[in-house]
Structure formats: structure tokens, C-alpha cells
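Please consider the following note alongside the sequence and coordinates.

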Number of protein chains: 2
Amino acid sequence: MGAPQTSPRPQAVTVTFAPAQQRIAVPAGATLLQAAQRAGVEIVATCGARGRCRSCRVQITAGTPPPATLADRVQLGDDAVQDRYRLACQAEAWTDLTVLVAPPLEEAGFQIMTATAAVRTAPGLVLDAGVVKTYVVPSPPDDETRPSSDLEELARALADAAGGALTGAGARDDAVALDALRRLPVLLRTARDGLTVVRAGDVLLAVEPGDTRAEAFGLAFDIGTTTVVAYLVDLWSGAAVATVSGLNPQAAFGGDLMSRIAFAQEHPAHVRRLHVRLLQHLNAQIEDTCREAAIARERIYKVVVVGNTVMHHLFLGLDPTYVGQAPYAPAVRRGLRLRAHEVGLRLPPATPVFLLPLVAGFVGADATAMALATRLDAAPSPRLAVDIGTNGEMVLGGPDGLVACSAPAGPALEGAQLRCGMRAARGAIDRVRVTPEIAYHVIGDVPPAGLCGSGILDLVAGLLDAGVVDASGRLHPEPPPGVPDALRRRVTVLPDGLPAFVVATADESATGEAVVLTQADIRQVQLAKGAIRAGIAMLQRLTETPDDRLAELLLAGGFGNYLNIDSAMRIGLIPRLARERVHYVGNAAGLGAQMALVSETERRRAEALAQRIRHVPLATRPEFQEVFLEALQFR
Amino acid sequence: MGAPQTSPRPQAVTVTFAPAQQRIAVPAGATLLQAAQRAGVEIVATCGARGRCRSCRVQITAGTPPPATLADRVQLGDDAVQDRYRLACQAEAWTDLTVLVAPPLEEAGFQIMTATAAVRTAPGLVLDAGVVKTYVVPSPPDDETRPSSDLEELARALADAAGGALTGAGARDDAVALDALRRLPVLLRTARDGLTVVRAGDVLLAVEPGDTRAEAFGLAFDIGTTTVVAYLVDLWSGAAVATVSGLNPQAAFGGDLMSRIAFAQEHPAHVRRLHVRLLQHLNAQIEDTCREAAIARERIYKVVVVGNTVMHHLFLGLDPTYVGQAPYAPAVRRGLRLRAHEVGLRLPPATPVFLLPLVAGFVGADATAMALATRLDAAPSPRLAVDIGTNGEMVLGGPDGLVACSAPAGPALEGAQLRCGMRAARGAIDRVRVTPEIAYHVIGDVPPAGLCGSGILDLVAGLLDAGVVDASGRLHPEPPPGVPDALRRRVTVLPDGLPAFVVATADESATGEAVVLTQADIRQVQLAKGAIRAGIAMLQRLTETPDDRLAELLLAGGFGNYLNIDSAMRIGLIPRLARERVHYVGNAAGLGAQMALVSETERRRAEALAQRIRHVPLATRPEFQEVFLEALQFR
């Protein structure tokens, strides 16, 4: 860190803070946070300027960004660093700079499906979070001849309070949070405005001074392979008061589940590394949501966690190795109740943390939560919910029960691992029209830098319609007759011999290189959609549900909610149903987690549901090969 | 740390290791541990030479001891540092030194009552620790078409094992230790010799490779104001396989309960300091007992803790302030079940830690444990157990129930706060005969350095018999006629005007100063014995139990087991009963803790017992003043 020794060191530099353009001269080498403080520009540094959070992030909009520190890379990720993001507490100003304070992180522009229908609108939902707050005005023990203790007096006051009959809580020998007990003696004697007792299940969780009954919150985490979403929910109303999403920091160790497992398997320390990284992220999200909603973390009384099996295991620090090997068995399937301090969440130690149950190795708690949120178990006629992600999960529910399977689609449908693929972030082409001429939409209305999943789907669908790509997936270097010239001249052969289709020319693009879709890319998309479609087809076969009997197809998950349904049908990702039978349902896993959070009835239903879902391991079915080969076709 | 800059720094120094007299030259400034390693002298440094344990302690027997470090003071205590003890990993040799390796710490010479009757000999004791170990040979899930998980396969194997029917354990959503779950996937697939499943209550606590059924241990802690004793007990046999005792490190912040409370009250950080100090000590004792018995701490499946109310609270990090203020109410009285990681004990996180219930502010879990161990609740005729300590606790049990009280004796009976008083350690006069001439016994058969409690009792009793001290407690500077000359000439008046009795002359003593008992000392003893005796008398009054109806008087606690019963009766510490009705019962609190450890039946009995013991707050009884004044008399 510091200026290169070969260049003369300037004595003072000027830092300009956008958007208000405050300018301040500081000694060269001052951190941007110090400069901001001098300039009277408010930059939040939640971790105390130790590089341990990302609240003080800035983006360098003019001038040479200071070299990235390890903290920058850890907190912001390599992509953001590349994008000139830095932590103000770490970055030193050695040259004149202009910085933008607290720019939204890239994932803020990334189309993560978080804004779901509010959980409280879920049909039939009863708000019963299992948390009870009772306001009491107890007295401390005051008569030496009457044996008592602080806890006994509190219990007495609770019993006296209307509706506060103390059954269970505090009655068992393990039913008082030590933390609450530690606060009790002083609170009992100093809280003139009475106390609020918080009980969760049969545990006396907390004692708070004054009447705090109005405030009760819970956290739902949806831990995806790529994305982690935290919902801070008001337990009384069911409303999400803050939602924060971020990229799963484990992605640095592998983009899909199998590579994540492979990394874990390499060395026992790797499990710990994945585990710790994830927890740091979740703890930062706790901080972020609490700040956003301006509530104290002590008002969080319940946590529900969902995720696929590998994420579930890594959240708990369980080695996922065997989830990746046949027969793909998880360490545990049924729901778990743990406490915040056991699992490493920075919340009051005894806060209950529930993990929803898993169905199987690749049909995780996220699938359970999706089935819960979409009420698949209550379907009088067959309904199918599909979470299209790196690992596709699908559940078909009908009068005969529920079946589920998973399909390892890989990340192609999310734009990853393709020549010009990118996540659905600023600069990504997310909509394409092929005929009569190529037209596209770019996220952020900037020159295009690549293609994201929904754009790729549109493009492939359009190229199929135009005859540039045939049903077998072949992009012929010489398109057949009938293909308009405007498209024909976009077909090229790359230096490495791969046929490709030019979506945006080098002139148009942000990178100076053409944005193309190659033959290899098309094969990736084909394999991905084949996997998903084969899963859907298998569930239809097993339940004898032809397309015309499928009452509804629900598209869930981040990607599922951005794809164009017509394009998805055209390439055969999903069956061709009447358009009104296909619906986006948002982040159903996150919604299910929130339902279990605000309703113990729903949480218990999730437990029963997971046991009722029959998992179909596709690879073990003799007919699967045939179905898969069929599903690979673009028709 | 380092040599004073004003003296020339020697290039090499010689360290001699006693008792084998190995000599080694080392560079000045080398630690004694480094010197030992060079000399081939084995010094155990359990904590990795980080000053975090006391296993590497040495005593400097010749040469100038290096300055004490903070680690020395924390680990060894100021007394030991004063006594030239040092941690070899911290102490640097700057001059020639002779050191004794691993000398017993002072408390090893201190007569702490640890060697009690083995718990297994307690009448009617059933060994049922609540821990079940089952050997199974499970298979990992092996059929993808049969949904399962590692935990389910383990449960199946348990159900198959003879006597291993899995009811409860692993069945509830909070009934599996996360730690065990983390080990399960690998163990299930690699342990060729099967697994041993450990269940405690209804919790699946651990999974161990191989057949480890033979090994099951528990820890009982008896936390006294002055002394902390740890018993490592074989849960199957009830035998204590290692017992370690040490001085309560909180003593640095106050010798008796009230001064400990006063310190806690001064500042919120002080509670934490007392708490942390105690836990460090207990964790060191876990280490020490495990090393002594050569077992792994992972084989400890249960912990039981007893102590007076203040120690109980400080163990849990509860502020004891209000225990010290009328009406002296504890934060909680009933027994608690917590987990090792919650309370800060360095054991596998989910290990259950039980605190036996309290009766009242000054009749703590130690009294409950004493009542349990002495079977006071089963007495057909009245029996009285007295724990004579800094805080005396007494329980009288008979056909009409149980009553208890406490008496703040102060530390005088333990030799503290008297002119020449000392703990019962090496150099202490522990037995005295007064007539016809003074004769005494010194612990360690060395020249006397002071008087400990049992010696003081003998001395006062003898001086009463000889007429040197009268029944009012007065030591007359001119003893009355009839006192033999040999005693008369030992009566002196100290420079400060206090009459005193010379037990050992300056010539005889180890310190070069006479060992004396002053008039003020006698008053201290008088107040202490008066408090105890008044408590006993009050219980007798309340239960209408005159001396002749008292079937048995049981002396418990460290001090109670070393005093001379005749002397105790002579000074009126205890009532004059037929000698065969007075018995030593050892460390009854520690014994009770061990009983609750090896037997859930006993632990549950302790719970019921505490509720049945009626606490009598002496100060609230109108007749107490009269009884106390009576009890003060030496007759």
C-alpha cells in the first residue's frame, strides 16, 4: 500500500465527492474516509473503519483508483473492484480523485428476484410466529421470609397478566435464555415503566425494559448457490420491512453446486472456509437489514433458513462431500431448531434458528419452501412449480400427492460460462428481437457488454424461428436459403473455427469486441434447457400428467421471473401450454421461508410437506435417457 | 521484560534444574522453558508456551527470580508469585538460577477436603447418569430410490441395536448436537469398526468411531468462596478418577462473599471479570483432571455444578448485587440445564451442564448438595449438617421436614484476617496442646509460620481450660492465679497495646517473628463461632430439638473436617453432644454434586429437596439477638 517509490510523492491531493461535488484537499495517502470526514461528507463505516463491512464503499469515477486491498476484494468481490469500487476506509488517495459515495453495489442493478408478493397476502396464512410478548409490571422479591427469586417474581407477574399464563416458558430447567436471566436482576429493579417478556415457543427468550410489544421481527434467509437474500420481517404484520440481497461469497470457490462440493472435498479446511464466508455474509446482511429498517438486532426473535441441500449443509458447517456422491444423501433431512450462537449468527445467543426440512440431496429446503409458498399440496388438479436456477428444482403437486426432482442445468441459463455471457447486471443484453432485424435492450441503457440469460433465451428462440439455428441446435456457417440477409451477414466463424452469431458489433459494444453467441454457447444452452425440460417431462410421465392436464406451470426463482415465457416455450425449456396457464411466482423459496417465519402453522406444514414429497432420482429411471435426448431438441 | 539497562548484560547464564541438578548454559534472556528443552529436562507446557496454563510452573530455589509477568500473576496468583513460583514459558533467565520443576502449588499442600468417601458408596445410590452409549454398525445411505439421510440410517441402526430403541433422541428437531451432526457424514463412511452413539437425556450428544462404550465421564464442580474442587468421575462406576482443587481466583477481589459482592457492584465490568476468572480456572481444572486421568475431554458427557448462591451466579455471569441486599433474593433458584458452550466451559459445545437448585440467597446449591449427600431428608430422628466455611450453612432434617439457615462466620475460622493466621498450608500450626506446656504440630514438619483454623481452635480451647482466656473471651494481660508459669510467661502485650499469647517464639518460627494469638484474634474467633453456633441454636429452637434429641451432628466442608471435635465443643462452636454422635462427613457438597452427576435420580431428588428445605432468615427472627449473644460466650 502506498505510492510507487519511483514517482515523486505529491504533498496534497484533491478528493471530490460526487454527487454533491464537495472538494477537499488532503495529505497524499489519507484514506478516502478521512477525506470525507474532513469534507463533512457522511460516509457510514459500520465496522469502525476496519475493512470488515462494505458500508463505506465508494466508486472512483475519475482518477486512478488506488490499488485494491484484500479487504476490498473480500468485501466487494473482484467484479466490483474491477468496476472501481473501493472501501473508503481502506483506499488511500495518492492522486486527485472523484468518488461517488455509497453507490449501489452491482447486485443492486442485478435482477435478483426479491420483491415478491408480500408474505401476508399468501392465501390462508395465519400470523402465528410462535413469539409472544407480554407486558408486565413485576416487583422484585421484597420479603425475606417468603422464599423467592427474580425469575419467580417475573413468572408470577406473567401469570397475573391477561393472557400471559405461564405454561411452559421458564417452567422447564432449560427454558430460560441465560442472556435474559443475566439482564433480569437489574431490569426488575430499575425498569420503572415495566418490562416486556419475550417468549418463543416454550423458552423465555428476552426481557426488555418498557413496553416493547409493538416491535417483533424475524429474519428469513434464502441461501442460493449464486444469491443470498435476507428478509427482515415484522412478525405481527407479516410485512418485509427490509430486504437485502447479495452474491453468495462462496461463488469465488465454484459457480455451481458440484464445483462447490469439489472444493469442499479437497481439504477439510475448505468446508470451514465456505462456512465462515457464508456466515460473514449473513451477519453483514443482518446488520444491513437492521440498519435499513432502523431496528435493533435484539428485536429479532426468530430466524428461518432455506437453501438447497449443499447451502443448508454449508450453513451448518456440515461437509457436503457425500451430497455430491451417489446416492447423494444429506447428513440430515428433517427440520432443525438450533440457536443463533450455535450456528454463528450474530443475534442474541438463544434466538431460535429453524432450518426447513430437505427432501433429498438435490431437492433441498428451498424446494420445500417453494412447495409451501405455492400451495402445491392443496392442488385439486396437477400444478407444477419450477425453480430455474443453476440447479433446477421442480415439484409437481396434484390430487395424487407430490413428486419432485432436480436437474443440474448448470449456470448457462444465468449467462455464466458462455463466450459473451454475463449476469443480468448493467450492460447486459436482457431482451432480444431477431426478426426482421436484430434489436435488443440493455440493462441500464448503456452500450452492451454481454448477454444475460433472458437475452440468450430470446436470441436462441429468434434464431430458431429465423432458421439460423436448426432444431438439432446447429448454427450452420452458411445459413439455409430464406434467412434474411440482415441476419445472414451476422453469422460468422470465429478465429478458433467456431461458428457464431453477432448480436452487437464491436462498434456498438462497450468492450470494443463484438457480443456473440457461439455454436458452443448454443450447446450449453441446449444442455441446460434439456436438463430442466427432461425433469419436467419425467414428473409429467410419472404422474401421468400430459400437457393438457397440467392446470398451471409456476416459474419461480431469480431467473425464472425474468425470462420471456414465449421464448422459453419456443426453445422447449418448458412445455407449450396456453399462455394463461403459466405464471411467474417470484422468489417462491424466499416467500416460503417468510411464511414459516411468521407462522408456526406454516412451519409445521413445511415439515409434513417435505415428508410427503416423493423424490424421483432421475438418473435411476431407465426411461430417463430417452426423455433427456428428446428434451435436448429445440422444438 | 529484560535486564535493567544499567547493569552489564551477561552473555550466558547457567540454569540448574532441581531435583536432578541438570545444569545448562543458555544465552541470557532465554526462557526457563527453552533452557529446560536444551537440558533435556521435560517440562509440560500444555498451552503451547503461551502463558495460558500453569502446567510449566517452576519454583526458583536459588538466584533472583525474574520479574513476574502478568501471565504469572493470572495463572499462579500473587501468593505463589511471592513464593518464587513462575511460569517457565514466561520467565527469562538473566542471572544464574536454580529451579524446581513442577513443584506442587501451594494448594497441593493445603488441606482441602477432597478425598471424600467415594460417591459410589453412598447409601441407596443408583448409577443412572442419564447417559447412554450404544454401539452400532450402521451403513451409509446406499439406495438413491429410498429417501434417507445419514442421521436416519444412524437412527435405524440404533433402533436395531439391542436396548438401543431410539425414543426421543434425534427425534425432536432440537435433539441432535450440531457437533455430532458435523462428524456424522465422515464417520458413517469411514469407521470400519462401527460407531458408538452417545445420548444424554433425549439429545444425541456425540458419535464416536469404534466401540467406546467403556468410557463415560462426568465432571462435578464444587465452587466455594475460597476453594474450587473439580471431580472427574467415571459415570459407569461412580469412581472419581481425578480430583483437582485450587484456590478460587476471585479471592484476589475479596475474601468473603460480601466483599466479593461489593467488588461486583462497583462496576458492571467487575461481574465479567469475576466470571471470566472463574471460568479460566474451571477450564484449567478440566484440562488438569483430564490429563491426570489420561482421558480426552470429548469423553465428558455431563457436568454438575454446585456452589453458594454468589458463586452460582458468578459462574453464570449473573450480577450478584441483589443477593447482597435485603431480601437477599437470587436471580433464579430452581435447577438449570445449560450447555457447555453457553456457560463457557471448554468441552464439546452441547455437553449438558446442570446447576443444582438454590434454597435462598445465602443457602445455596452447596447446601442442597450437602443435604442430598447426607440424606438429611430421610432422617427418622433429627440430624444436623453444618458446613463450616467463610459462610456457614446448616441444614437440620428430621421427621418434620428440613430447615436451613446461613451464618456469615467470616474467614477467621480458616485462619484468615488474624495477626498470625494463615491457611492450612505448609508451615501452619494445625494442632496445639496447651497444658502442661505448649506443644504444636506444623504442616510439613517445618518451622511454624502461622496458625491455621484447627490450630486456632485447639489453642483457644486450651487457653480456656487453662484459664488464660475467660468465658467472655478476655485474655487478661495478668493471668489469674493458678495459671502455670510456663503459660503465664507466654502472655505478653504487643507494642500496639494488644494483649497476646505467644505460641511459638521468634527463635522457633520460620519468619523470625513470634507466632501469636492476640486479643483481637480471639474476638474474631468469638464472632465467627458465635455466628455458627447461633445458627445451629436457632434451628434447634425452631424445630424444638434440644441437644439430647439431636441424633447426629455432621461436620462438612474443608475446615469442618480438620477441626478437633473436642476443641470445637470446648469453645462452643458446636453443642456438646456425646462424642459418638458427631461425625465428619468430608466435602458433602462435592459429594452431593457427584451423586447428581452419576445419578439422575439423585439430581431430581436434589430438585425436590431444595423445594422442601425451609429457609430461616435469621436476622428476621426477633429472638435471634438473644441467641447470638448467648452463642458468643465461650462455655
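The note turns from conventions to strands, then to the sheet, its helices and the chain contacts.

1. This is a predicted model, in which local features need pLDDT of at least 70 and side-chain atom pairs count only at pLDDT 80 or more, while totals for chains, interfaces and linings use all residues. Residues are numbered from 1 along each chain as its sequence is written, and chains are lettered from A and ligands numbered from 1 in the order in which they are written.

2. Strand 10 of chain A (residues 227–234) is largely enclosed by the rest of the structure, because 8 of its 8 residues are buried. Buried here means that 20 or more other C-beta atoms, placed from the backbone, lie within 10 Å of the residue's own; strands are DSSP runs of E of at least two residues, and helices runs of H or I of at least four, numbered from the N terminus. Both faces of the strand are covered, with A:Thr227, A:Val229, A:Tyr231 and A:Val233 on one side and A:Val228, A:Ala230, A:Leu232 and A:Asp234 on the other.

3. In chain A, strand 10 is antiparallel to strand 9 (residues 217–223) over 7 bridges; pairing requires at least two DSSP bridges between two strands. A:Asp222 has A:Val229 as its bridge partner, and a hairpin of 3 residues links strand 9 to strand 10.

4. Strand 10 of chain A is also joined by 7 bridges to strand 11 (residues 240–247), again antiparallel, with A:Val233 partnered by A:Ala240.

5. Chain B contains an open sheet of 6 strands in the order 11-10-9-12-14-13, with mixed pairing. Its edge strands, each pairing on one side only, are strand 11 (240–247) and strand 13 (336–339) of chain B.

6. Helix 16 of chain B (residues 588–598) lies across strands 9, 10, 11, 12 and 14 of chain B, at about 150° to strand 9. Such angles run from 0 to 180 degrees between N-to-C directions, with axes fitted to C-alpha atoms, for helices over the stretch in contact.

7. Between the chains, 46 residues of chain B are in contact with 46 residues of chain A, contact being C-beta atoms, placed from the backbone, within 7 Å. Helix 4 (150–160), helix 5 (178–190) and strand 13 of chain B each supply at least two residues of the side that touches chain A. Helix 5 of chain B gives the most, with 7 residues.

Note on methods:
Buried ≥ 20, exposed ≤ 12 C-beta atoms within 10 Å, placed from the backbone. Contact = placed C-beta atoms within 7 Å.
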